[in-house]
Each structure stands twice: as structure tokens, then as C-alpha cells.
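Please open the model in a viewer and follow the stops below in order.

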Amino acid sequence: MDLSKNELKILKFWEKSKIFEKSLKRNLPRRTNRQADKGKKKFVFFEGPPTANARPGMHHIEARVFKDVIPRYKTMRGFFVDRKAGWDTHGLPVEIQVEKELGFKTKDDIEKYGVGKFNKKCRQTVWRYKDEWERLTERIAFWVDMANPYITYENYYIESVWYLLKKIWGKGLLYKGFKVVPHCPRCVTGLSSHEVSQGYKKVKENSVYLNFRITKGNNKAKEGDFILAWTTTPWTLPGNVALAVGKNIVYVRIKYQGKNYILAKDRLGIIGTGYKIEEEFKGKDLVGLEYQPLFEIEAVRKSGKKVHFVVPADFASAKEGTGVVHTAVMYGEDDYALGERMDLPKVHTVDEKGYFAKDLAPYNLFGKYVKDAKTEKEIIDYLQNSGFLFKEEEYEHDYPFCWRCGTPLLYYAKDSWFIAMSKLRKKLVANNNKINWEPKHTKKGRFGEFVKEAKDWALSRERYWGTPLPVWQCQKCGEYKCIGSAKELGAKIKDLHRPYVDRIKLGCSCGGKMIREKSVIDVWFDSGAMPFAQWGYPYLKNSRNNFKDHYPADYISEAVDQTRGWFYTLLSIATLMEYIGEIKDGACYKNVICLGHVLDKKGKKMSKSKNNVVDPWEMCDKFGADTLRWYFYTINQAGEPKKFDVKDVADKNRRVLGTLFNSFVFWQTYKDKDFRAKKTKPKNVLDKWIISRLNLINGLVVENLEKYDVVLAARLIEEFIDDFSNWYIRRSRDKFQKPESKKQKDAASQIFYRVLFELSKIMAPFTPFISEDIYQSLKTGKDPESVHLCEYPESEICLVDSALEDKMKKVRGIVAEALAQRAKNGIKVRQPLAKLAITDKALAGDKELAGLIRDEVNIKEVVYGKSVKLDTKITAELKSEGMLRDLVRYIQDMRKDGGLKPGRLIYLRYQTESSLKNLIQSHEAEIRKDISAKKIEIGPRKREVFLVEREVNFGSEKVWLGIKK
């Protein structure tokens, strides 16, 4: 079985016959509405755009096969499923790759090189692995229109994004603000909350407990007492301007090692033992206390504002640290809000590249990178030597890193452009409630919680390769203007990117000149805008109709990280457009399958540095793309992480697709040359049962695919393949290999054919290759050219016999128990036994079902009894029969070793001096029929050449066997 080789043949057939194109054309509506003529309907699929500047990995295979299965199924159900490919071409991933290739370390290097030249290289880089993406997409049979993709760097796409932003601007939702944002010092740009959520790592860092000496006390805390505070970010301590307490938290003053310390009562555990509580009081009693600063910062001192005193804050908590929060206004969201409320000085002690400012020169910190371990040690050594350090300990926590370059982020106060998503929280929640999520818990859990707490979207990026922010500012009066199209620029421009768009100046009503804000926008806005921008909405011809005809999506699928990526930005932009009246419904997708990540077999993330990356091409070559597809559909639930193990893939290849393929080969081997398919009614119990199972599974697969439960649907098929091969075919072998009549064989052949033919169509969306392979061998001249041009099978409920299926389940249970008793007693299955007692009287009296038990367990009689009990006594007659069966099996193995096809007549010679001689001679006719022999004779080997010869032991007795054609 070489599935991979067969798949390559199928690919050539699809390409030559244009099967994908025909599958689209057969359901193409004449009108552009959802309910098209002749009952044909549209099903909308959105393709989340990948970036082609890196090779596709195993996680991309997972996403793409889940994307493919539902559109294939819906196409076979008569829907027109237009599958437009897309490419995400902007953003930091591309910039960083180009920087590495050019040897650049900073943004200054880019500026010196030239923004135009740099962006030109970015444009080229995004297509580096486009061919490989397209080849792998084709190889795994993900049918998507790659000839007419949407591309996010094209002018039509950028103009569409500008149109949306201008609409948002018109409702006052796009604004510039000075806020603390997650900031990457290496890329020198802020990030949005949904970007940050993708880059958290668990880290161990030094946390410090600090002595803040009171310089102005009150009746609760005296001058010279120490307030204990705690931080996990020592680099922010030079920026300290206040200490925050909870007004209603209970604090204590303790005597410890000769000094007085103040901290929350619930946090006394950090002290250990040896302290004495001298007084308790509420946090409000500490408000207004002044303390000695850890660092003397000139800019803070010159600010003219009150500084270094205790302030009340709702965010102060007694659950960690000391219950007293160190506050650096410029380096935390809560800190900044507190600074605004308390009018604290806003002074940066760190520049945007993450280096300490000149004010830290007296402490030998100027120009040093704040997240460097050496820098942190210098800070802690200074605190220790100055008497400010109470204690230091290692602290494990989740810390955000840049999702692309891997640099630790800093929460940093800066100017940025925001979209006011916080105003739309209720609308976002309402739209999410309309969506069917798989797995279900994602709706209210990971995604729902994030949506419910939606923060204002930090949109602008101080970078180069991206959609330019379409905002101009007057240099005379400061007025801002947002433009929504290239036409509004008043000048012809071939490329809307930087630096070309930066050169365009606009006139202001005051007479001044307006220049563009130098920022580009968050790349996630590009991808989230694809429902509109893929059509060039609203400027390109027919774009409004195209958008209307392809909105909302019926189905999307990506991995779980996209809950705070593409899934979120899609919903956010659509909700914005609903809010401003551009569209009526902001629920831009109806159904989503959210996938677990693909990890290595030990549960670790795959990466080149860990040498644990699995090459998808190697897997396709070794096992076939269908095997990979089936692995992802069935290994575990869609939303769970996949610990990718080649052994599991091999198991799916052997146990499922191998079993199906071998069943197909069995059919091809034993069917009559003059076989003609016709629909017949099943007559014997096995045929009735397998047809019942087929129709039951067919109905359940449809039911689960309609609910987007791909995993359960596929697992049901997997169960059926096992039933079909390991029960139906095994119990029907004699009807093909040793039929009682041509009529019996034809009846069995019709049922076998019917199951394979229908199964090829049921499986087609899941395993497009093997389904096509089987279909091509079974179809007649009346059938469609390809299985993918067929209608999806409808279950014939009238043929489902639940009572029979229950009985057959009991039969198989009895067989399993009886075989277990054989194994326990060391009696091989080929050894016939007298009888088996079973507890079901009706079953024991059913001729056909009892016959199945009798044949499978190899007994003479099934009787009713109080328990399932096998008669293990072996008589001389039974022993002889067992030896005959062993003999036949040995000869059949010799036939296989000799490469003889079933039915090919052979000549058998044997030689033995044991009692086997009489046994063989007395059953010669029976043996001849079983092994397809034209002649059997006893005699010495002589000098003639045999095709296969073998000496076999039967206990103490031996027999020499030789066969030839």
C-alpha cells in the first residue's frame, strides 16, 4: 500500500480534469443572493491569511485540513462555496526577517538605509516561500482559489482599510492619546492587547522587597519607620513617585530586628518569625505619609509637583507582595491612571529603546539596557548598599514578550493612536453570543472573557512596512484630518506605502500645510478587515455586491492563539462597522472551529532551535496526505493540543486507511470479472447488519458535520471501517473465496460494492485522495466524473435496524469473551471445540446469529446456559480436525509466499510417516477445495523443483510439503 504514490496520480487527474473548478461550477448560482435559483445556495468561507515569508509547518497542515473538510462537505451538499485565498503581507514578521538579512540592529539602521529601499525588500521577502505554500496546499488537497487571492499590501486593499478607518474616525472612535502601552524596545513600537496575549512566557525573575524610610509621619507611623513595598520589575524603581495602599486594608506596624516596619497584616508571612505587632490600622491612616526616595531624579525634582508620598488606590491588594504598591507613573496602566488622578509627575527614566536616561548617570546606569541581567544586578547592589533592600527572592510569573522578535516588553507611557473598543464591549459580547463555537467553552471562556474586557485598540506602530495610518496634521494649527481613499490625496500615487505617501502634503483650512503621522497600523487590522478589503470595498467595481454576497462567513477555522488574534480582530472591525451604520450585523462569522496547537510528542512547542520540527513534506511522502488529515481529525478533540508523534500517524495509516485500502483490495481481488453493480436488498443477517450500520453512520456523520463536530464525525467513520473489515468482511470471506454458488457470491458482491461506493462519498471531505481512488474503480458510466462532483449520501433511515445492531453487539461481546477463555486455556482458535454456552436464549436459538458465533469461536454448537462458558475438552476427533485446519493454513501461507493469486490451481506433494498420512488421505477432497489444488499426492521429494517447500511440525509429528503451479 503506497498511499503517497496513489495520491500523486490523483493530483494529476484533478489538475488535468479541472475537478476543483468543476466542483465550483456545478453549484454556481445564476443570481448573487443566498437562496439562488434551482435551490442552489451559497456557503461562505473566510480564509485567514498566512504569511509566505516562512516555510509552512505542521501547525499549518492542521489548520488547512480543518478549513478544507467543511467546504468540501458543503459543496457535496449542493452549496456554492467560493474559496478565495489570501496573503498577509505586512508587519513586524517581515521587517524583522529583512533586518536580520541586512544585519540591522536598530531602527536607525533602517532610516540610514532608506525606508523606500527597505520596504522594497520587504515586498520581495513576503513571497519567498509562496511556491512552497502553494505546492503544499495542493499536496494536502486544500482546495482554495490561489489564482485570485487577496493581498494585503495591494493599493486596493489599503484603500479599503483607509475607508474603514475614516468611517471609524467620523464617529469619534479613532483618537490619539498618551497612555501606557505594551512596548517593544527592540522594535521601538507599541503593541495592542491582543498582540501581547500571544507572547506570554513563564519566567523566573528577581523580586525585591524595599525599605521606604518615612520622612514625615503621623500618629500611626513615625519618622524613621519603614514602609515595606514589593516589585517584580526593579528597573522601574528609579521612576518611583508614590506608594499606593488600599484604604480599607488592615496594615500593621511591627518591631523586627530592632526596626519598625509597616505592611499589610495578611502579608506577615514574608517576614517569617521573630516580629512583634505593635499596632493595627487601616490604609487610609497611612495616606499622606512622605518618604525618602530610592533615587534622586533631577527631572522629577524640577517637575514642581508633590512627590514621594503615600496615596490611596483601588488596585492595591493584600494578596501578594506587602500590600503596598510601588508606583512609577510611566510604566504601568494602573500607575498612570493613578498619576493622572493624583497629579503626579510624568517623567521617563527610560527611553523608548529600553535604555536608562541621563538622569541615572549618577548611579552608573545611564545608557544601560533595563532588562539586562547585569543592569538588574547593579540596581539591586545599589539598593543593598544604600540600605533600601529588605530582601530579594526569585519569583516565577508570566511575562509578555514581543510576539515576533521575542524581546521582553515594557509597559511604557507614550503617544499612540487608539480605537475606542471599550465603548463597544456590550455590542462585542452580543455579537459573540450569535456565534457557534467548537469547542463550546471557548465562546464564554478564553474568547468571551477577552471580548468582555475589550481594551482600546492601540492601532499605530512606529514602523515602516505596513498600511500607513491615513491621518494628516496641520503644522500651523494642529488640526487633524483622516482620509479614506487615494483620490482624497489630490495627487496620483502608484504605491500607497511609506515613504511615498509621507511626501504628500495636504492643505488645511487655516492655510497651513498638513503632513502625515509617520505611523503604520497594526497588521492585525489588515487581516481583520479582510471581509471588506478582499473585494476592494467600496471602490473597486462590484465590490459592494461581492461583499454583500460573501458576508457574513458561515465558517472559519484557525488555532487557539487566534482567539486574541484574527478571530478577535474580525469581530472587532465588523462590530465597529455595525456601530457606525455601515453594515447591519457585526457577527461576521457564524461558525468557528478553534484548534489546539501542534506540539512535539513531549508536549513542547516545535522550533528549529530545539530540533523537534516535523517536516510536513516528509510525512506526506511517507504516509500520504490523507493519513495526516485523518490524524488531525481523530487524534483528540479539535480544541485540544496535539502532541504530534509519528507513531500515532503510522497507527492511523495502518489501522484505519490501511484497513480500508486492504478491504478495497480484497474486493478487487475476488470480484467476478463480469460484475455489474445493481441495487439489491440485503437478505442474510450480516448483509442487513452492515447496511444498517452504513446508513446509521451516514446519518450521524451528517448530523455532526452540521454541528461542526468534525472529530466525532470522523471517529464514527473510523468505527465503521473497523466493523466493516474486522467483522463483516472476515465473516463473509467464504462467500467470495469458497462460494456455494455464483448467486451467493453475486449477492455478497453487491452489498460489498454498495458499502465501498457509499463510503467513498461519505469519506470524500475527510480523505479526498483514497476516496477518489476507490470511487474511480467503482463508478459506472452513469456516475459523475469524480467523487467530489457527487452529492453527499443521504441516509436511508428505513434500512437502519437498531434491534439487529443491538443483537450483533451482543454477538461480538460473546465472541470476545469466548476467545478470551480460549486464550486463558491456551487453546488456539483453529482448534475446533464442541460447544459454547451463552446466557441469551433467543440468541442461542437464532440460526444465523448463533452461526456467526459458532464460526468465529470455532465450535460445533451454541447452547443456552447460565453463563458464557466454553467447553474446552478436546476429543481425538476434534484434535484431528484442528490439525487439518493447521495444515490448510500452512499451505495457504505457502501460496502467498509463492505469489500465487487466489483461485490459481496448484499441485501439492507431501511426505509423512506419521498418523497425518491417513488423516490427509481421508480428507483429500476437502483439502483440495480449500487450497485450490488440482492434484494432491503423497511421495518423496524427488529431484523436481517446487515453487515453495516446507517442513512443518505438528507436535511430535512432521510433514514435508511442496507446491508448484
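Begin with K302, in the loop between α10 (298-301) and β14 (309-312); helices (H or I, at least four residues) and strands (E, at least two) are DSSP runs, numbered from the N terminus. This is a predicted model, in which local features need pLDDT of at least 70 and side-chain atom pairs count only at pLDDT 80 or more, while totals for chains, interfaces and linings use all residues. Residues are numbered from 1 along each chain as its sequence is written, and side-chain values use heavy atoms, with hydrogens and water left out.

Display the side chains of K302 and E298: a polar contact of 2.6 Å joins them (a pair of N or O atoms within 3.5 Å; within protein, one must be able to donate a hydrogen and the other to accept it, and residues adjacent in sequence count only if both atoms are side-chain atoms). From K302, P468 is 166 residues away in sequence and 38 Å away in space, C-alpha to C-alpha.

Next, select the open sheet of four strands, ordered β22-β21-β24-β23 with antiparallel pairing; two strands pair if DSSP finds at least two bridges between them. β22 (480-482) and β23 (506-507) stand at the edges with a single partner strand each, so one side of each has no neighbour in the sheet. Two bridges join β23 to the antiparallel β24 (residues 513-516), where K513 stands opposite G507.

Move to P499, in the loop between β22 and β23; the peptide bond to P499 from R498 is cis, with omega near 5 degrees. Another cis peptide bond, with omega about 0 degrees, joins Y537 and P538.

S932 is placed in the loop between α32 (924-931) and β34 (933-938).
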